[in-house]
Amino acid sequence: MVDVGLDIWVVSSVLALVASSPSLAPQEKTYKFGRGFLGLDKCNACVGTSICKKFSKEEIRFERWLSSQLHLPSAKRTTYEGNYTDASQIERPVMLSWLMSPHLHQVSDWSICRSAGRERTCSIEAVLRATPRFQTWARSNLLLPSMVQGLATPMLRCPSQRLLDRIVRRYFEVTDVGSMQMKHFTYKDKLRLLYTMAVNQHPLMLQMFPGMEGWPFPRYHGSCGRVVVWAGGRALRNLYSSPLERRVDAAYQLLRITQSLASNSLHFNLYYTSVSEDMFGTLDDGRVFITDASTIGIIDLQDGFYPDQGLEHQSVDIFSCLSGSCERPPPCEHVQPSQSFLLLCRNILTKLLAPNDVRSAHLPGEAMRQLTVCANQSQSDQRILTAAQSLTELLKPMRPCSRQYEYRYPECLYIHNF
Ligand SMILES: *[C@@H]1O[C@H](CO)[C@@H](O)[C@H](O)[C@H]1NC(C)=O
Ligand SMILES: *[C@@H]1O[C@H](CO)[C@@H](O)[C@H](O)[C@H]1NC(C)=O
């Protein structure tokens, strides 16, 4: 396929060769996967290469990594847990995820070849480079709204210039981050950015809204081929069977996160287009965060957006359907202020808090009543918002203050309301 021309990958190609020798015992390095496994052979229809070195130095390890039956990735699974070691030799939990499942990647690659009139194999990169959309990208130093029109990614449903500038400025996969101009982007960088935008926005969201700046997203470590590596935690669903105080704490944090995504000092309204339990996780210190940012939409509250011009005016092309579906979220005008709360209450909070808690564990009946309103699609926008607000206030004093909740302990001992 495409020649990637990556020096650093030489190391791993050697490892891959070693791994193919059948005489190796399972305890030895059986690095069965290499370029193909990570999707590096598909670059520059990929995310990036910033973390490839870590893979080749075996500083990223994941589940069953040393197992002789390493038949990964499975066709449907996209995410694996792993460990990341740095110079300090401290192991940190990380998540490794493909932009989408290997199966969908395959289908999407075929669709690229088909769009060029080829059957199953072609130079994916050559086909994408020849598209009118990429030709426009190649000529431009600025990322303009017209260049992302027709992409399925929720955050690009109604992009402002300010939002696109932020994507470029925070794009970690180029050597010279920090500029709004794409002058320092090679064609490879541009194709990778466009490909990532078209397939899955998750890695870009983590880069644009870093946890270090207070956003509820995990740290982005980097990418290699089509694999993205970011700081891991535990799935929220592990809390469902825990004591009420734990669930109350998580529910409160989720409501606050949802609120702060909608109104923040950057004046970007980040809203949910769908919510599933895999979207959230917890860290060891009790903090709740968003583990999957792929379905979050963004409305610029400061600069606004141009009204949707309807499908016939959209530049729908091969990039519009690379995520496995050509379907796009509803236009931004249709987003109700209560949308995120409704989805959160209905799909997550009703699993964290149940009527049984009122009977057996001292959850105020009023909290359950507010949750029922918040989770009811037939209620008015205002009633849902008010219910979410009341629920937040009711849960707030119920949160425990103990060592287990390190994210706010010991401050909660001394500061009322913390
Ligand atoms: C990560 O490291 C921890 C501690 O060394 C270990 O318990 C865990 O199983 C490792 N996880 C993976 C996925 O390798
Ligand atoms: C949802 O709200 C509507 C309108 O107020 C009401 O008729 C309906 O019974 C509510 N559904 C639930 C499950 O509470």
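Asn-44 is found in the loop between helix 2 (35–38) and helix 3 (52–56), where helices (H or I, at least four residues) and strands (E, at least two) are DSSP runs numbered from the N terminus. The peptide bond that leads from Cys-43 to Asn-44 is cis, with omega near 15 degrees. The model is predicted, so that local features need pLDDT of at least 70 and side-chain atom pairs count only at pLDDT 80 or more, whereas totals for chains, interfaces and linings use all residues. Residues are numbered from 1 along each chain as its sequence is written, chains are lettered from A and ligands numbered from 1 in the order in which they are written, and side-chain values use heavy atoms, with hydrogens and water left out.

Pro-410 lies in the loop between helix 15 (381–395) and helix 16 (411–414). Most residues other than glycine have a negative phi, and most peptide bonds are trans. Glu-58, in the loop between helix 3 and strand 1 (60–62), has a positive phi near 60 degrees. Glu-58 is buried, at a relative accessible area of 10%; buried means under 20% relative accessible area, exposed over 50%, and partly exposed in between (1.4 Å probe, protein chains only). His-267 likewise has a positive phi, of about 60 degrees, and is located in the loop between helix 11 and strand 7. With 38% relative accessibility, His-267 is partly exposed.

Across the chain, the secondary structure comprises 16 helices and 10 strands. Of the 418 residues, 51% are buried. The accessible surface comes to about 19300 Å², and 52% of that surface belongs to carbon and sulfur atoms; these areas come from the Shrake-Rupley method with a 1.4 Å probe, and for residues only the protein chains shown count as cover.

Two packed helices are described by the angle between their axes and the distance between the axes. Axes are lines fitted to C-alpha atoms, for helices over the stretch in contact, and angles run from 0 to 180 degrees between N-to-C directions. Helix 11 (residues 244–262) and helix 12 (residues 339–352) pack at about 170 degrees, with axes 11 Å apart. The two helices are therefore roughly antiparallel; this term applies to angles over 145 degrees, while those under 35 count as roughly parallel, 65 to 115 as roughly perpendicular and the rest as oblique. Their contact (heavy atoms within 4.5 Å) involves residues including Leu-254 and Leu-255 of helix 11 and Leu-344 and Ile-348 of helix 12.

Val-248 also belongs to helix 11 and is buried, with a relative accessible area of 1%. Beyond its neighbours within four places in sequence, Val-248 is in contact with Leu-353, Leu-363, Leu-395, Met-398 and Arg-399. Val-248 and Leu-394 are 146 residues apart in sequence, yet their C-alpha atoms are 9.9 Å apart in space.

Helix 8 (residues 161–169) is largely enclosed by the rest of the structure, because seven of its nine residues are buried. The buried residues are Arg-162, Leu-163, Leu-164, Asp-165, Arg-166, Ile-167 and Val-168. Their cover includes helix 7 (145–148), helix 9, helix 10 (202–208), strand 7 (268–272) and strand 10 (296–300).
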